Amino acid sequence: MKVDFYQLSRDPAEKVVPLLARNTLKAGERLLVVSADDDLTGRISARLWEGAESFLAHGLSGGPHDARQPILLADAPQAANSARFMVMADGTWRDEALGFDRAFLLFDGSTIEDARATWRALDGKDGVERRYWRQDDSGKWEQAA
């Protein structure tokens, strides 16, 4: 399984999640977006709906059609939509991520120490491939580790 660490230094999570969601859908996968922060979840939801041509259909966990959602926003890592990819948008690692094929941990300056601890904890773990991404001043994402 792959774990991608995304350091948010330029763009906030609500701007990065749609990029990851779009790429996930292009790969033919479903996505679970997890955040314990209701305000952040609301901002992510609004951003996913933006753009008449490029909106990304999604739902909030607990609705009647969770299983049909290509992108499901939730406060817990339970993929009612059978997603194999998960984004932890609030900077908090959840061990349940190891049960997915791919996990994305988005973190900023306020959660960087937790992200570093998670990076170290996953070092050498069987079947886990870690990658670290950072954004340059122009907004392009570069793999740094």
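Modeller: Here is a walk through the pocket, its lining and its surroundings.

Keep in mind that this is a predicted model. The largest pocket has a volume of about 200 Å³. Its lining is made up of Tyr6, Val16, Leu19, Leu20, Asn23, Thr24, Ala27, Phe85, Arg102, Phe104, Trp133 and Trp141. Sort those residues by kind and you get 9 nonpolar, 2 polar and 1 charged. Two elements, helix H1 (13-26) and strand S6, each give two or more residues to this lining. H1 is the top contributor, with 5 residues.

So let's look at H1. Now for burial. The buried residues of H1 are Ala13, Glu14, Val16, Val17, Pro18, Leu20, Ala21 and Thr24. Just after the helix comes Gly28, with a positive phi of about 80°.

Now for the rings. Tyr6, Phe85, Phe104, Trp133 and Trp141 form one aromatic cluster, and those names also turn up in the pocket lining. Across the model, the count comes to 7 aromatic pairs. As a general point, a pair of aromatic rings is described by the distance of the centres and the angle of the planes.

Start with a pair that involves Phe5. The ring centres of Phe5 and Trp119 are 5.0 Å apart and their planes sit at 75°; since an angle over 60 counts as edge-to-face, that is what this pair is. Phe5 belongs to strand S1 (residues 2-7) and Trp119 to helix H3 (residues 112-122), so the pair ties together parts that are 114 residues apart in sequence. Phe5 is buried, at 2% relative accessible area, while Trp119 is partly exposed at 22%.

Then there's a pair from the pocket lining. The centres of the Phe85 and Phe104 rings are 6.4 Å apart, with the planes at 55°, so this pair is tilted. Phe85 comes from strand S5 (residues 85-88) and Phe104 from strand S6 (residues 102-107), so here the link is between parts 19 residues apart in sequence. Phe85 is buried at 11% relative accessibility, and Phe104 is buried too, at 3%.

Some rings have a charged side chain over the face. Arg130 lies over the face of Trp119, 3.9 Å from the ring centre. Likewise, Arg84 lies over the face of Phe100, at 5.8 Å from the ring centre.

Val3 is buried, with a relative accessible area of 0%. Val3 and Arg130 are 127 residues apart along the chain, yet their C-alpha atoms are separated by 4.9 Å.

One last stop is Leu73, in strand S4 (residues 71-74). Leu73 is buried at 3% relative accessible area. Its C-alpha atom is 5.7 Å from that of Ser61, 12 residues away along the chain.

Methods
Residues are numbered from 1 along each chain as its sequence is written. This is a predicted model: local features need pLDDT of at least 70, side-chain atom pairs count only at pLDDT 80 or more; totals for chains, interfaces and linings use all residues. Side-chain values use heavy atoms; hydrogens and water are left out. Rings of Phe, Tyr and Trp (its six-membered ring) pair if their centres lie within 6.5 Å; planes under 30 degrees apart count as stacked, over 60 as edge-to-face and the rest as tilted. Helices (H or I, at least four residues) and strands (E, at least two) are DSSP runs, numbered from the N terminus. Buried means under 20% relative accessible area, exposed over 50%, partly exposed in between (1.4 Å probe, protein chains only). A charge sits over a ring if NZ of Lys or CZ of Arg is within 6 Å of the ring centre and within 35 degrees of the ring normal. On a 1 Å grid over the protein atoms alone, a cavity is a set of points where a 1.4 Å probe fits but cannot get out, and a pocket is an open set with protein on both sides within 12 Å along at least five of seven lines; lining residues have an atom within 4 Å of a point. Grid points are joined across faces, edges and corners, and a volume is the space filled by probe spheres set on the points. Ala, Val, Leu, Ile, Met, Phe, Trp, Tyr, Cys and Pro count as nonpolar, Asp, Glu, Lys and Arg as charged, and the others, Gly among them, as polar.
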